[in-house]
Amino acid sequence: MAASLRQLLDFAWMQTRSCAFAIALMSGVAASTLLPGLPVARYDLLVVYGVLLTLLFWLRGWENGRDVAVIAVCHVIGLAFEVVKVSLGSWSYPEPAVLKFAGVPLYGGFLYAAVGSYVCRAWRLFELDLVRYRPRSTAVVAAAVYINFFSHHWLPDARWILAALLLAVTAGSSVRYTVRGVRRRMPLALSFVLIGFFLWVAENLATYLGAWRYPYQLDGWQPVGVEKFGAWSLLISVTFVLAAVARSHHKPESTGTPPRS
C-alpha cells in the first residue's frame with residue numbers, strides 16, 4: 001500500500017514538472033490581473049512574458065531544440081485556430097492590445113505552446129515509448145480532427161465519427177512510462193482522455209483569469225461547458241502526433257544520465 005502511494009505521489013510530481021511551462025504561463029496570466037494601470041496592454045505584456053519563458057526553458061536545458069520546434073509549431077497552428085474561431089464568434093479577447101491580429105493577441109498561441117511543452121516534457125521525464133503505434137493512420141485522423149473544428153461551422157460536425165476513428169486507430173496502442181524505476185503501460189486513447197480532462201480544468205481556470213472569454217462569460221464568468229472536455233481529448237491527438245514525428249526523426253536520447261528538470 002505504501003509503495004503504491006509513493007508511486008502515485010511520484011507520478012503526480014512528475015506530471016507537475018511536465019506542466020512547468022503551463023503553470024508558469026498561467027501564473028503570469030493571474031499576476032497580470034493584479035497589475036495597476038500601465039501604459040502597455042496586458043495582452044502585450046503576456047506576449048513578452050511568453051517569449052521570455054520560452055527562452056528561459058531553452059537556455060536552462062529544460063527543453064531542447066527539438067522540443068522548442070514542436071512548441072513553435074503548436075504556437076502557429078494554435079494561432080491559426082484562434083483567428084478562425086474568434087472571427088466566427090466562438091470566443092473573444094475583449095481587452096485592447098497592439099500585438100493583436102484579427103482580434104487575436106499573439107500571446108494566444110502560447111496557450112497551445114504550453115500544451116506542446118507538456119507533451120514534450122512528459123515524453124522525456126517519463127521516458128515514454130510507444131507500443132503498436134500507427135503513425136500514419138493516427139496522423140491522418142488527428143489532421144481530420146483539426147480540420148473538423150473549422151469545417152463544422154459550414155459542414156456537418158463529424159467529431160463523433162472522428163472520435164470513433166481515433167479509438168479505432170489507437171486500439172491496441174499504448175504508451176510505456178517509468179515511475180520510480182518501474183515500467184508501466186497505459187492505453188494511448190486513455191491518455192488522450194485524461195489529458196483532455198485536465199486541459200478542460202485548465203480552460204476553466206484560464207477563462208476565470210480572463211485569458212479569453214466565451215460569449216456566455218462576457219457578463220460574468222461561468223464554467224466552461226463539459227463538451228469542451230471531449231474537444232480537448234480529440235485535439236490533444238494533434239500535439240501528440242507532432243511530438244511523435246519529431247522524435248521519429250531523431251535518435252533516442254541516452255538514458256545514462258537523468259533528464260534535467
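Trainee: How much space lies in the largest cavity?
Mentor: In this predicted model, a search of the whole structure finds 1 cavity of 30 Å³ or more. A cavity is a set of points, on a 1 Å grid over the protein atoms alone, where a 1.4 Å probe fits but cannot get out. Grid points are joined across faces, edges and corners, and a volume is the space filled by probe spheres set on the points. The space in the largest cavity comes to about 160 Å³.

Trainee: Which limit on pLDDT applies to side-chain atom pairs?
Mentor: Residues are numbered from 1 along each chain as its sequence is written, and side-chain values use heavy atoms, with hydrogens and water left out. Totals for chains, interfaces and linings use all residues, whereas local features need pLDDT of at least 70 and side-chain atom pairs count only at pLDDT 80 or more.

Trainee: Which element gives the largest share of the lining of the largest cavity?
Mentor: Lining residues have an atom within 4 Å of a point; there are 13 here, and I77, Y112, L235, V238 and T239 lie nearest the centre. Helices (H or I, at least four residues) and strands (E, at least two) are DSSP runs numbered from the N terminus. At least two lining residues come from each of α4 (65-87), α5 (108-125) and α9 (227-248). The largest share, 5 residues, is that of α9.

Trainee: How many residues in the lining of the largest cavity are charged?
Mentor: Ala, Val, Leu, Ile, Met, Phe, Trp, Tyr, Cys and Pro count as nonpolar, Asp, Glu, Lys and Arg as charged, and the others, Gly among them, as polar. This lining holds 11 nonpolar and 2 polar residues, and the number of charged residues is none.

Trainee: Which element gives the most to the lining of the largest pocket?
Mentor: A pocket is an open set of points with protein on both sides within 12 Å along at least five of seven lines, and the largest one has a space of about 1300 Å³. Its lining numbers 48 residues, with V115, Y118, I195, F198 and L199 nearest the centre. Two or more of them come from each of α1, α2 (20-32), α4, α5, β4, α8 (188-208) and α9. With 11 residues, the element that gives the most is α8.

Trainee: How many nonpolar residues are in the lining of the largest pocket?
Mentor: The lining of the largest pocket has 6 charged and 4 polar residues. Its nonpolar residues number 38.

Trainee: How many bridges join β4 to β5?
Mentor: Between β3 and β4, 3 bridges are found; among them, V131 has S174 as its partner and L130 has V175. On the β5 side, R176 is partnered by R185. The antiparallel strands β4 and β5 are joined by bridges numbering 6.

Trainee: How many of the 6 residues of β4 are buried?
Mentor: Buried means under 20% relative accessible area, exposed over 50%, and partly exposed in between (1.4 Å probe, protein chains only). β4 is largely enclosed by the rest of the structure, because the number of its residues that are buried is 5.

Trainee: How far apart in sequence are the parts that F11 and Y177 tie together?
Mentor: Rings of Phe, Tyr and Trp (its six-membered ring) pair if their centres lie within 6.5 Å; planes under 30 degrees apart count as stacked, over 60 as edge-to-face and the rest as tilted. There are 25 aromatic pairs by this rule. F11 and Y177 form a tilted one, at 5.9 Å centre to centre and 55° between the planes. Since F11 lies in helix α1 (residues 2-18) and Y177 in strand β4 (residues 174-179), the pair ties together parts whose separation is 166 residues.

Trainee: Is Y177 buried or exposed?
Mentor: F11 is partly exposed, at 23% relative accessible area. Y177 has 11% relative accessibility and therefore counts as buried.

Technical notes: Pairing = 2+ DSSP bridges.
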